[in-house]
Amino acid sequence: MGWRMESTVRYTWPAVSANLLAPVRPAFRALAEVFVPETAAASPATWDRLEAVVESALAGRPPAIRRQVILFIRVLNGLARLRTGRALTGLDLPRRTALLEGLSKAPVLLVRRGVWGLRTLVQMGYYTQPEVQAAIGYRATAAGWEARR
Amino acid sequence: MNARQYDVVVVGAGAAGGTVAQSLAPLVAQGKKVLVLEEGPRFRDEDFTGRELEMANEVFVDGGGFLTADGTMTLAFGRGYGGSTVVYTGTSLIAPARVIRDWAVPGLDHADIERRSRRYMGENNVHLLGDDEINDNNRLFVEGCARAGYHAEQFPLNVRGCKGSSLCNLGCPNAAKMGTHRVQLPNAERQGVEVVTRARVVRIGERRVEVEVAPRTAGGKGTDPEWAPGRYDVSARVVVLAAGAINSPALLLRSGLAGLPSRLGMGFTCHPAHILVAEHRQPITNDVGHPKSFFMDRAAEEGYVLETCMYFPFITAKNMTGFGVPHSTLMQAFPRLQMILVLACDKAVPDNRVTVDRDGKPVVHYRFTPEVIRSMVAATRASAKIFFAAGAVRVHAPSADPPLIEAQDAPRVDQLIDERHFQLGRISVSAAHLMGGCGMGSHQADSVTDAWGRVHGVPWLRVADASLFPNSVEINPYLTVMALADRAAEAVRSDFGSLA
């Protein structure tokens, strides 16, 4: 029998710090306010939940993806400085929005994808919160029609 | 390493694996041992809470956000006892005769697919919902189609005791959906088929599989695995792959078996989809009632199908283009939103394929052909017309810039929605009908298996799932998967004597 039971297949990733966003938190929040404007007035608890969801989602991805996300936030911050002389946190919401809208239509796929990915992470962190879902009027329950008629 | 011996090992417990398990169950009474290995857990009824993030992370691979290699499309596929049948909406259509004819697989004819599909429709209680079970989201689609000159058709659904939770895609919280987790797998187990969950097949060798059984994670959903956690060497006379269009080809590719057909992994198709959203003046019933009761089929004419749909807040947000105030304003209108799912009937091309990376993980390469982009744009235009005909005040169209179109611009949707705005990486595209990679055909040069799922040149190895599709099926695929799995199981039974 020529087959030996040994595997090189690896599906699990090393444990990751839950504080993944810490090095870029101010920039991340400045970006999040562009993607979901309601976060500008979010409570500390809402921010905590949002960031916990994002960090948990990143923790389940390969290390290279995690590094790319953090790097991309840093690049966006650097780009803001380059174009305006201010970091993302120093720009008002309209200028941050204009920067990101431009990048979301950039000719380079990698840039568009990066903006889309960050946007999606923030939306995941925000719109999966039960309080937020209730606030926008989402009311689905297991009871279905019984709860409405 | 624990050694186990079986006559048949089935890899995967979804639509295909459940069908094969039930179809082979009578062998158990003849003294044969049949085993089903499933990577995901066996969920309990109380696990289905309907909470978006919690459920998505449990019932979907990568939480439903598995990305293609270039990151331009997310693929959703289920994991667990029942596979994707746990998370579909139960839409049950028989493959069109035109499609099966175009597949041109020697030994496969439409009459056979239809006969088997009808048997499973009966088994799964497939029927049309009554008028009193149709919500406004679906009713507006029918009315909009009629006014816009299109013909809407009602989906036959496999539900029993549906309460209209609208939570189908997170797993029915009322045990109403008759997926393989409710029908075929329990039936197989009652007859003595063994199902082991949390059992990941690492690799396939000559008439054996290497399996890792994982423990239940602390606080995780589902039951403990049926076998003690650890590694197992399971030998079998026949191995049947039913792990789906991504995992079946990937498993074969990383196993490095000699003599496999060169087309392995090629010809992946997935019905790339957009979720379109429109806002009405008044609240409508949308997040209550079955979400997908009607469709409009333009596959033969324009390469697309429209389906009603209703998704959860995050999925809705993710699938809209853009961000900021316009996006947020539409999200705030959730109780007034109508939704349509646009599906392109993509054609198999060799470059769209499944490979594996250095770690053995599946990688899906997908390039959008001009035909697919054209179909998605045409479908978006048709959807916008249907929305406005149904009374919507604004429509969100991904391939328009800006994506929001107001009612006064309704006459201009053909100009506003345009291929030049179909900008990958900016717009969201997702897919859940994953097909191909082990396509059927007549010989090694053009296919991976024959019409009965026998892998060319490897008599003990069979494929039974959606990876068999040599091209997209152009409708919701699960009944066709079950029909093909039923054929694959029949071939195993008939070949069994010669496989000792």
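Let's start with B:Trp103. Setting aside neighbours within four places in sequence, B:Trp103 is in contact with B:Leu108, B:Met440, a run of residues from B:Phe469 through B:Pro470, B:Asn471 and B:Ser472 to B:Val473, and also B:Thr480 and B:Leu484. Please keep in mind that this is a predicted model.

As background, nonpolar side chains tend to be buried together in soluble globular proteins.

Next, have a look at helix 3 of chain B, residues 52–59. Its buried residues are B:Glu52, B:Met55, B:Ala56, B:Glu58 and B:Val59. What do they pack against? On chain A, helix 5 (109–127) and helix 6 (130–135), and on chain B, helix 10 (313–319).

That brings us to the interface. Here 48 residues of chain A are in contact with 68 residues of chain B. The two chains bury about 4,800 Å² between them, with 59% of it on carbon and sulfur atoms.

How many salt bridges cross this interface? The rule finds 3. In one salt bridge, B:Asp287 pairs with A:Arg148, and their closest N and O atoms are 2.8 Å apart. On the side of chain A that touches chain B, helix 5 of chain A gives the largest share, 10 residues. By class, that side has 23 nonpolar, 11 polar and 14 charged residues.

Key
Residues numbered from 1 in each chain as written. Chains lettered and ligands numbered in written order. Predicted model: local features only at pLDDT ≥ 70, side-chain atom pairs only at ≥ 80, totals over all residues. Heavy atoms only, no water. Contact = heavy atoms within 4.5 Å. Buried < 20%, exposed > 50% of the residue type's maximum accessible area, 1.4 Å probe, protein only. Helix = DSSP H or I, 4+ residues; strand = E, 2+ residues; numbered from the N terminus. Buried area = accessible area lost by both parts, 1.4 Å probe. Salt bridge = Lys/Arg side-chain N within 4 Å of Asp/Glu carboxyl O. Nonpolar A, V, L, I, M, F, W, Y, C, P; charged D, E, K, R; others polar.
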